[in-house]
Amino acid sequence: MLEFVNVSKSFWTGKQRKVILDRASFRVELGNSLGILAPNGTGKTTVINMMAGLEKPDEGEIHRACRISFPLGFMGGVVSRHTGTENARYIAQLYDLDPDYVEAFCRYLCGIEEYFDMPVGTYSQGMRARFSFSLLLALDFDIYLVDEGMPSSTDVGFNQRAGEILKERLQSATMIVVSHQAETLARFCRSAAVLRDGQLLMFDTLEEAKRLYDYETQG
């Protein structure tokens, strides 16, 4: 279970205070993957980072009664001057996992061959996305956090391998996906919420959330 209790978060832009959450309260239960719809610039990444513990609220409490992943695409724990091998083994130690297993898993899933033994800073954007996704799936979490959907890759083999592993993982795990497009959420989430005026408005179905979202953004 992940719960926000009267959580507030805002930033000073230099001209005005931008409110992300205003005494917002909501709960995500395990087994019920959630999609969050919000236009660009409204604080989607901030909310997902707060769920992961990467950012703290100004006020309120966040309760994490389960294992929550870092956001997909987050490279904060990866050292660019180190190789994929070195990074995979280091991350494994942080999570008290077998470095040999995590390295072998990431090496297989990435499919970047000799580049896995080169510094991550030399990777293309697509290779970095594949490496980040591989690290995410190598670790065992109850809730997986995804900011703006899956990494795009033109590698058919990677897409197939990652898709099969993700499908298997979601049989026992929960996913929270934030995006400005409902189509991104439809693949993974049954229930959904809309980030609006500092509140996360929860709906039982994605279609209900989409109706409000479309009205707010297109009306």
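Biologist: How many bridges join β5 to strand β6?
Modeller: This is a predicted model, in which local features need pLDDT of at least 70 and side-chain atom pairs count only at pLDDT 80 or more, while totals for chains, interfaces and linings use all residues. Residues are numbered from 1 along each chain as its sequence is written, and side-chain values use heavy atoms, with hydrogens and water left out. Helices (H or I, at least four residues) and strands (E, at least two) are DSSP runs numbered from the N terminus, and two strands pair if DSSP finds at least two bridges between them. β5 and strand β6 (residues 174–179) run parallel, and the number of bridges that join them is 5.

Biologist: Which residue in β6 stands opposite leucine 145?
Modeller: Strands of a sheet pair through backbone hydrogen bonds, either parallel or antiparallel. The pairing of β5 with β6 is parallel. Across from leucine 145, the residue in β6 is isoleucine 176.

Biologist: Which strands are at the edges of the sheet?
Modeller: The open sheet has 5 strands with mixed pairing, in the order β5-β6-β3-β7-β8. An edge strand here pairs on one side only, and this holds for β5 (143–147) and β8 (199–203).

Biologist: By what angle are neighbouring strands of this sheet turned against each other on average?
Modeller: Axes are lines fitted to C-alpha atoms, for helices over the stretch in contact, and angles run from 0 to 180 degrees between N-to-C directions. For this average the direction is ignored, and the value is 20°.

Biologist: How many of the residues of β5 are buried?
Modeller: Buried means under 20% relative accessible area, exposed means over 50%, and partly exposed lies in between (1.4 Å probe, protein chains only). Both faces of β5 are covered, with Ile143, Leu145 and Asp147 buried on one side and Tyr144 and Val146 on the other. β5 is largely enclosed by the rest of the structure, because the count of its buried residues is 5 of the 5.

Biologist: Which residue in β7 stands opposite leucine 37?
Modeller: Strand β3 (residues 34–37) pairs with strand β7 (residues 191–196) in the parallel sense, over 4 bridges. Opposite leucine 37, β7 places valine 194.

Biologist: Is α3 parallel or oblique to α4?
Modeller: Two packed helices are described by the angle between their axes and the distance between the axes. For α3 and α4 the angle is about 135° and the axes are 9 Å apart. Angles under 35 degrees count as roughly parallel, over 145 as roughly antiparallel, 65 to 115 as roughly perpendicular and the rest as oblique. By that rule, α3 is to α4 oblique.

Biologist: Is cysteine 106 buried or exposed?
Modeller: Cysteine 106 is in helix α3. Leaving out residues up to four places away in sequence, cysteine 106 touches Ala88, Phe116, Ser134, Leu135 and Ala138, where contact means heavy atoms within 4.5 Å. Its relative accessibility is 0%, so cysteine 106 counts as buried.

Biologist: How many residues of helix α1 are buried?
Modeller: Helix α1 (residues 44–52) is mostly covered. The buried residues are Lys44, Thr46, Val47, Ile48, Asn49, Met50 and Met51.

Biologist: How many residues apart are glutamate 3 and arginine 27?
Modeller: A salt bridge is a side-chain nitrogen of Lys or Arg within 4 Å of a carboxyl oxygen of Asp or Glu. Glutamate 3 and arginine 27 form one at 3.4 Å, N to O. The pair links distant parts of the chain, strand β1 (residues 2–12) for glutamate 3 and strand β2 (residues 17–28) for arginine 27, and the separation is 24 residues.

Biologist: Where does aspartate 117 lie?
Modeller: The side chains of aspartate 117 and arginine 107 meet in a salt bridge at 3.0 Å, N to O. Arginine 107 is in helix α3, so the pair ties together parts 10 residues apart in sequence, with aspartate 117 in the loop between α3 (99–110) and α4 (125–138).

Biologist: Is aspartate 197 buried or exposed?
Modeller: Aspartate 197 meets arginine 196 in a salt bridge at 3.6 Å, N to O. Arginine 196 has 30% relative accessibility and counts as partly exposed. Aspartate 197 has a relative accessible area of 68%, so it is exposed.

Biologist: How many salt bridges does a search of the whole structure find?
Modeller: Some share partners, and these join Arg89, Asp100, Glu103, Arg107 and Asp117 into one network. Over the whole structure, the number of salt bridges found is 12.
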